[in-house]
Structure formats: structure tokens, C-alpha cells
Amino acid sequence: MEQFHLILSGITFAFTWNNILAMIAGTTIGVIFGVLPGIGGSAAMALLLPMTLGWNPATALTMMGTIFLSSSFGGSITSILINTPGDTSNAATMMDGYPMTQQGRGAEAIGISSTCVLVGGGVGWMLLSFSAPLIASFAARFGPAENTVLAILALSIISALVMSSPIKGLMSAAMGLFISSIGFDSITGFPRYVRGVFSLYEGIPFMPAVIGMFALSQVITLGMEGGAISTVTELKGKLTTGIKIFFQYPGTIFRSLLIGIIVGALPAAGRTTSSFMAYADAVRASKNPETFGKGNPQGVLAPELANNSCAMGDFIPTLALGIPGSAGCAVFLGIMLLHGVVPGPRAFVDNGQTLYTLLTSLFLSTIVLFIFGITGSKYFARISLIQNEIIVPLILIFSLLGAFAFRNYFIDVIICCLFGFLGYFMIQHGYGTIPLLLGMVLGDMAEKNFHRALIMSDGHYDIFWSSWITRILLALSILSIVWPYAKLVYRKSKPR
Amino acid sequence: MRKGRGLTEGLGGIGREILRYSLAGIIVLGLLSFGSPGHTQKKYPNRPITIVLPVPPGGTADIQTRGIVSYLQNILGVPLAVESVPGASGIIAYTRAFLSKPDGYTLLFFDSILRACTNERLQKVEYKTLRFTPIFAVSDQPLCWVVNPQVYQSLPQFLEAARSKPMNIGMSGKGSTSHLYALLVTESLKFKARYVPFGGGAESLNSLVGKHLDAVSVSVGSSYGLVSSGTLKILFVSSEKRSTVYPEFPTSKELGYAIPHIPFVNGFAGPPGLPKEIVKILEEALSKVMVTPEYQAWAKKTKVDVTPLKGEDYKKVIEQGYNLLEKYQNLLQEM
């Protein structure tokens, strides 16, 4: 009963003018920062933090939470329209979002992405509000051994992505894994392949690499082609086309939501992993995997839906255990502490009103984003009609600025350029870029946890077979490696 | 394609507007910068001070710095810019502060003495921990020994279990403060342990909640949320007296075990050769902040420890940490 009262007063407070204003401001700021590459939600939160120090905790957290949530939407718009991700979690969206824009269907893609915000955010929000402690205690079952196997499972989905040319695909993945080994060995503290360059001690940063791989390589191509991004002059898609397309794929919707929530609830993996996993899963499950990368709407739907539900999922361990699910949530956790809201299992009792205000505002924010995205999609998509000689220098400036702004190190600009040339070469010669990025994201997680698990078991490998979670995940990994090929063999053997 | 051309022409009008305003902005900025050079020979401080923070936003040290800075700039009368320089285990931040001009306009928020010492020993770095100019320490956060109460209810029960098997202890990284504390505890309580490094306190605590570890060595602040709800349990804390922020947790001394105290002091330091007058001004300003009722109320609310320590005493603590690390360096190397 007391809890019910807290929920009600939290919801009531969410609808006060101050709070609604903070919610709308947070959402707007989040989208703007999300659009700028390299400056994601975390940076926006850190920048605005001093301003909110004197505010009511509920209002301050509302603003910060909505910034975090909405930044990924801003990033998805630029991913779709100009092949430049706002944040690493938008990287997978580019694979099909950008080809859609090239075909003049940019508005549709943004429509799909907007619907993902509402549906993914909404479902994530329901789980967060009603079963956060339950999910958090499930997430705690993931120790080092479980996380290792999870990373292996996530890596195994590469199998489905490289069907058309397995050798080139695997080479690309192996290179990604190699790149992830650059920097500190986080267990022994030994620096690898850095040659005394301190800015590389944390490893090759992912954000500049992704910007280079997609945006810069695209800049080279566009610069040589002339014309405009869109190859057709008449833009397709009405206001509601994106929403209609979204609901045509219930299977993909369900699986992407599931991936987003589970990965989000685990502190070891974040939004980038979830969106890549959902993308690869959509490819694997599709009857026509060859249409991906050429503007298949599911290629936008799957990663964006996972990304948005994962953003909500990220909040679950943050609020329920005080363990941040991602870098962005770590900043958010700090802000909570700054306002004296101690997260943990008791948070919903001790600071119930504040947290329920936050949750309500997060949900309102997804509605605002949805309306904004759907009504604006047509106008945003016009960017794809601008002549290349005007848009290309702009993309170039924003990409390099984004690479720099990520950590304020000049070496990141150089890294971005190197990856730009690498990406151009790989795309020209038919090497998939996604396996390389997956290798980079997951290599670190797999290696660290593998090492930790072996320390814990004194070097005995049976730790990876000791719990039912690891067994299920291992079985799924094997299935996921073999499945695409088995399906192929089965189809060929089937008499017509 | 032609249609695209038309659109950009449409943008032209707005573009000119934007260009005009940007140009105006650049000119104004340029004029402003003329006014600033040190014609006004006011004494220190007369321009913004940069504080180099070696941790990413969100952690305990970050919260603490921002809290102090908001009061400190009122007292000093100049803006303070906190520059977050995470990465490379703090090496980049420590080096930047160490090599900066000793004019008092670049200061370091010295978050972890032991981390700085470990880097110095293992990597080729350009700074020397003992040569920083200690200004003022603001807190001495206690570390603690956390267990999962579903597995171990008390210290005797924990020690009993430790007799028959090696314990898996979570800590945050090789050579970190929590690693050294874990070493000291296992040495003093005489049991065998395997030290499992994690990316930070939170990650290791999650593994403890899931019963993958036997205990975690971590700062009290990181574990407080989980401990106050009863999910995890603090067996003892590292401080010599009960902490003022967390008076509910017993010290190891009270339980009858002499575990050496380990400094986990946060404070402000400057580059080598920082003039004494500047140190004094900052020392006084920080002492004032520490006794401000608003700061104390804020620290209480956010569970930030307040243990002020002036420059000379702070120097001793740094030396103590350095020597402690020297003594245990062989054990810390093992992994």
C-alpha cells in the first residue's frame, strides 16, 4: 500500500510543470548531442551536471535520464542519413539504414527507428518499473565464466554474417579481435603493442574507429561519385509508412526486444553489443539473408529496437543493484549519488517517489521522441538530396570533430583517418566491416572474463561448463555457428 | 539531382544569416581575448584554475571533486574548470599535471597514491609520485571486506571456510589500493587467496551478489547501496577508528585482528616546485571549504568522507603509501 502511494506521488510529480519542462529539455538536448558524432549521452550529462546540482533530485534525474535515453535516437538519424553514427550503439543501424536513404527511403527508415524508440522504450520501461529487482538478480548470476561464454555466443553470430565469403569475413573478425588486444592487458597490467604511446593504453577507441570505418570511407566514395546521397530525386514514404513496415515483422520485433533487455540487464555488455547481436540475429533468421546491407528495413528495425530496449535495460542494474550497465549509466549513477539517491535494492523504498518520477518521465520522453521522429522524418530525409560537394565536406568536418571530441586526444583523429582508409579498402574488396567491429567490441569482454574465470578455477576449464547458464549459452553458440550452413545444405538437398 | 541543387539554394538565405552571426561571434571573441593578458597584476589567483581529474565522470572521486569545486571557487573568487582525463590507469592525467607549469593554475585531484606508485614501477612514466607538491587532502575513505551473507554470516565463519580451500577475492586491478588491502588482509588473517582483478568495484560486487566470489576488497562507498539493503555484508572496514560517515561498520581492530592501515586518501596536489605562497593560499581556502556547514551537509548526504589534512601531513601519507607498496611489491607482482 505504501509502495502504491509512492508510485502515485511519483507519477503526479512527473506531471508538474517543472518536471515536464526538464523532460522536454532533456529529450531535446539528448537528440542534439546524439546527432553530433562522438559526443554521446554521457558527455552531455557530464556537461550539464553542474547546472542541475541545486535542483530537486527528481527533476535533475529526469533531465539526465531523458538525455541518456534520447541521445541514441539522435545518433540513429545521422546513421541512417549520412552514414555517421552519433554513438557506437548506432553503428549496426548504418548497415541497412544508409542504403535505404540511398534508395530515397530515408524517411521510412527514420519512421521505423522512431517506432523502435516507442516500442523498445515502452517494453523496457514496463520491465524496469515492475520487475527490475527480479531481472537484476538474474543478471547477478552472470559471473566471469558466464560472461566469457556470452561473448563467445555473441561472436558466433558472425557465422551468419559471413555466409557469402566466409574466409574474408573471418579474416575481418580476426583482425577485429587483434585490434581489441592493443592496449593494457587489464589482468596483468602489461601494455601490448602501444610502444610507449600512453593514449593507446586503454586500447584503440571504438568510436573514432567506427566513424572512420563508415563515415570517412563513405566520404571517399561520395567525393568520387558526385551527385547526392540519394540516387533518386523523388523521396518515398509517407508519414506512417515507417510505422506500418515496423509491424510487418513480429518475429524480429520479439527477438530483438529479448536481446535488448537481456543484454541491457547484464553489466558486462552494453547497447553496442545488443544492437550488433540483434542485427546478426535478424540476418540469421531471414529467408533472404542476401538482402541485408542493401536496404532491408529489418536491418534498421532489429538493432534500433534492441538498442532502445537495452537503454532501458541498462537502468535495471543501475537502479536495482547500483551497478552501472554501461559507461553512460556509470555517469548517471554518479549523478544519482550526487543528489543523495543511493541506488540498490532499497532504492525503490527509500527514494521511491524520485525514482517513479524518473521512470514516468522516461516513458513520456519516448512518446515525445516518437512524435518528433515521425513528424520530422520527411524533413530530415531531405538531407539526402543535398549535392555531394556541399554535404561531403560537412560530414568530413563533423566526423573528425567527433573523433576528437570523444576523448580530446588528437591521436583519435589519426586513428579515425586510418580506419577510414581501411574501411574503404575493405568495402571495395568485399570484406565485411561488421565482423571487424564485432571482434573489436567483444574481444576485450571475452578475454578479460576468460582470464578471470581461469584465475578463479585455478586454471581448470570445467568452470565454463559448471552452471546451467554456461551450458545453454555454449549450446546456443554451437547452434549459431552451424545453423546457417545446415540450413543451406538442407535447402540444396531438398528436391524442387 | 537538379532538385537537390534547388534545395541548397533555398538554404542560401539562412546560410548567409548563420555566416554573419558566426563572424560576429568570432570578432567578439577575438576582442575579448585582447583584454585578458596579465595587465592587472593581481595576486594569485587571478584567472581560472584547471583541475586535472584522473577518473572518468561518475565515480566517487568525480562526485567529490565537483562537490568541493563548487564551494572552492566561491572562496578563491575565480572559476575552477574540472578536466576529466581518464585512461591509461591515470598515467595521462598524472603526467599532464606533473609537467604543467608550477604557477598554481593547473592542479591535480590526486585520487589514488598507490595507483600512481604502481604505474611508476611498472611503466615508463615521466612523473615521480613523491615529487608532486601535496597541497591538501580532503578525505580518507575506508576500504572494507564484503561478503555475501547467504554464504558467510560472520568473520569466524569466513575464516573457517578459508582453512579448507583458497578463497576467490575480487578487487579492482593489479597494484590497486583494493589489491594491496586484499593482500594485507589475507596475510594478517593467514589464509590462502586468489585475487581476481575486475574493471572496478561495481563489477566485482556484481560477481559477489551472484556468489561467484567469496569476498571483495572495495571502498565502503562503492558497496554501500548493496550493503544497506542487506544483499551484501561488510565484515570489517580498514580505518583505525570507526568512520564518521559509516559508523555502523566495525573496524578490524575491534574484531581483534591487527591489519595494517592503508591510506586511501584523496586530495589536491600540484606540480613539483609549486611556490609555498600558492600552496598556503590553496591550503587555507580548502580548510575553509571543509568547515563550511553547506559542504558538510552535502558530504553527509552524498556519503563523502571528510578528513582534512594539510600539506605537510599529506606528504607523510603519500610517503607512507609509497613505502607500503615498496614492501609488498613482490607479492603484488604475482598473479
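Q: Let me start with the rule I'm using: two strands count as paired if DSSP finds at least two bridges between them. In what order do the six strands of the open sheet in chain B come?
A: They come in the order 2-1-3-10-4-11, and the pairing is mixed. Strands here are DSSP runs of E with at least two residues, helices are runs of H or I with at least four residues, and both are numbered from the N terminus. This is a predicted model, in which local features need pLDDT of at least 70 and side-chain atom pairs count only at pLDDT 80 or more, while totals for chains, interfaces and linings use all residues. Residues are numbered from 1 along each chain as its sequence is written, chains are lettered from A and ligands numbered from 1 in the order in which they are written, and side-chain values use heavy atoms, with hydrogens and water left out.

Q: Which strands sit at the edges of that sheet?
A: The edge strands are strand 2 (80–84) and strand 11 (309–310) of chain B, each of which pairs on one side only. Strand 2 of chain B is joined to strand 1 of chain B by five bridges in the parallel sense, and within that pair B:Ile51 stands opposite B:Val82.

Q: What does helix 3 of chain B pack against?
A: Its buried residues pack against strand 1 (49–53), strand 3 (106–110) and helix 4 (113–122) of chain B. Helix 3 (residues 91–99) of chain B has seven of its nine residues buried, among them B:Ile92, B:Tyr94 and B:Phe98. Buried means a relative accessible area under 20%, exposed means over 50%, and partly exposed lies in between, with a 1.4 Å probe and protein chains only.

Q: And how much of chain B as a whole is buried?
A: Buried residues make up 54% of the 335 residues in chain B, a chain that holds eleven helices and eleven strands.

Q: What is the strand order in the five-stranded sheet?
A: That open sheet in chain B has the order 7-6-8-5-9 with mixed pairing, and its edge strands are strand 7 (193–197) and strand 9 (233–237) of chain B. Neighbouring strands are turned by 30° against each other on average, direction ignored.

Q: Which helices pack on it?
A: Helix 5 (residues 155–164) of chain B touches strand 5 (143–147), strand 6, strand 8 and strand 9 of chain B, and its direction makes about 120° with that of strand 6 of chain B. Helix 7 (residues 201–209) of chain B touches strand 5, strand 6 and strand 8 of chain B, at about 150° to the direction of strand 8 of chain B. These angles run from 0 to 180 degrees between N-to-C directions, with axes fitted to C-alpha atoms, for helices over the stretch in contact.

Q: Why call strand 6 of chain B largely enclosed?
A: Because five of the five residues of strand 6 of chain B are buried. B:Met167, B:Ile169 and B:Met171 point one way from that strand, whereas B:Asn168 and B:Gly170 point the other way. Strand 6 of chain B runs parallel to strand 7 of chain B, with five bridges between them, and B:Met171 has B:Pro197 as its bridge partner. Two bridges join strand 6 (residues 167–171) to strand 8 (residues 215–219) of chain B, also parallel.

Q: Where is B:Thr251?
A: B:Thr251 is in the loop between strand 9 and strand 10 (265–270) of chain B. This residue is buried at 2% relative accessible area, and its contacts include B:Phe236 and B:Arg242.

Q: New topic: how big is the second largest pocket?
A: Its volume is about 1200 Å³. A pocket is an open set of points on a 1 Å grid where a 1.4 Å probe fits, with protein on both sides within 12 Å along at least five of seven lines, and lining residues have an atom within 4 Å of a point. The volume is the space filled by probe spheres set on the points, which are joined across faces, edges and corners.

Q: Which residues are closest to the centre of that pocket?
A: Of the 43 lining residues, the closest are A:Met95, A:Tyr279, A:Phe292, A:Gly293 and A:Gly432.

Terms used
Contact = heavy atoms within 4.5 Å. Lists of a residue's contacts leave out its neighbours within four places in sequence.
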